[in-house]
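This report describes the pockets of one protein model and the residues that line them.

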Amino acid sequence: MIDTHTHLYSEEFDEDRKEMIERALNKGVSKFYLPAINSETHEKMLALESEYPNQIISMMGLHPCYVKPESWEQELKLVEDYLNQRPFAAIGEIGIDLYWDKTTLDIQVKAFEQQIDWAIEKDLPIVIHTRESFDETFEVLDRKKHPKLRGIFHCFSGDLDQAKRAINLNFILGIGGVVTFKNGKIDQFLNEIPLDKIVLETDSPYLAPVPHRGKRNESSYLDLVVGKLVNIYNKDFSEIDRITTDNANRIFNR
């Protein structure tokens, strides 16, 4: 299994990070993709990658919740510097979040567009954070349409039409703990989405799957997501593991 989105460097894991990673490895998680947030966490993320060079792979980007009027341009400059210094698996997580702050929409869009330009220039996938902002996100993607523009809609929580629209734009869906929630809704239509259009993720330490909902999430819980997909797709565990692993390797060009 591949966890395509996990914040292993998060302070929530400071007490037991090594043990938590070992639990995931023992459960069969072979790779972990780490999304960047902002300059406060980049060094911690990269240090963890260097500690586990065969399992942990970093992305680079500026999370939309940290696109602030006073600092977003400096933060983006730092992202650009990193992208020019060394390879990354993707540009992410980037996008638009209107749940926490609607007043920064204009600069969130500018930051999103700039990072899409870098992804196209460097032929990298993007990993999109979209919260209460599907319309705005699709507007940007339609405007920036390009043969090289591709990636993952992280923590997909939209409806079937939005899922199909994302796929038509050359994106695949990141499926995690939400698929196990009673009110998550995506389990009601996911079987209409081909298995080759989804990847697994935890978004740990957030969005723990049932029966851990409301507690700290971790990458070892990825098997609970697969367990739910077994029921939705009526396929066995190993087949879902194989297909989603192939999908992740393809999108990240590994």
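## Largest pocket

Strand E5 contributes most to the lining of the largest pocket, with three residues. The model is predicted: local features need pLDDT of at least 70 and side-chain atom pairs count only at pLDDT 80 or more, while totals for chains, interfaces and linings use all residues. Residues are numbered from 1 along each chain as its sequence is written, and side-chain values use heavy atoms, with hydrogens and water left out.

The space in this pocket is about 1000 Å³. Among the 37 lining residues, His 63, His 129, Arg 131, Asp 203 and Tyr 206 are the closest to its centre. A pocket is an open set of points on a 1 Å grid over the protein atoms alone, where a 1.4 Å probe fits, with protein on both sides within 12 Å along at least five of seven lines; lining residues have an atom within 4 Å of a point. Points are joined across faces, edges and corners, and a volume is the space filled by probe spheres set on them.

## Elements and residue classes

At least two lining residues come from each of strand E4 (91-97), strand E5 (126-131) and helix H5 (134-143). Helices (H or I, at least four residues) and strands (E, at least two) are DSSP runs numbered from the N terminus.

The lining of the largest pocket comprises 12 nonpolar, 13 polar and 12 charged residues. Nonpolar covers Ala, Val, Leu, Ile, Met, Phe, Trp, Tyr, Cys and Pro; charged covers Asp, Glu, Lys and Arg; the others, Gly among them, are polar.

## Second largest pocket

The second largest pocket holds about 150 Å³ of space. Helix H8 (237-251) and strand E7 (171-175) each supply at least two lining residues, and H8 gives the most, with three. The lining includes Arg 150, Phe 171, Asp 196 and Arg 250.
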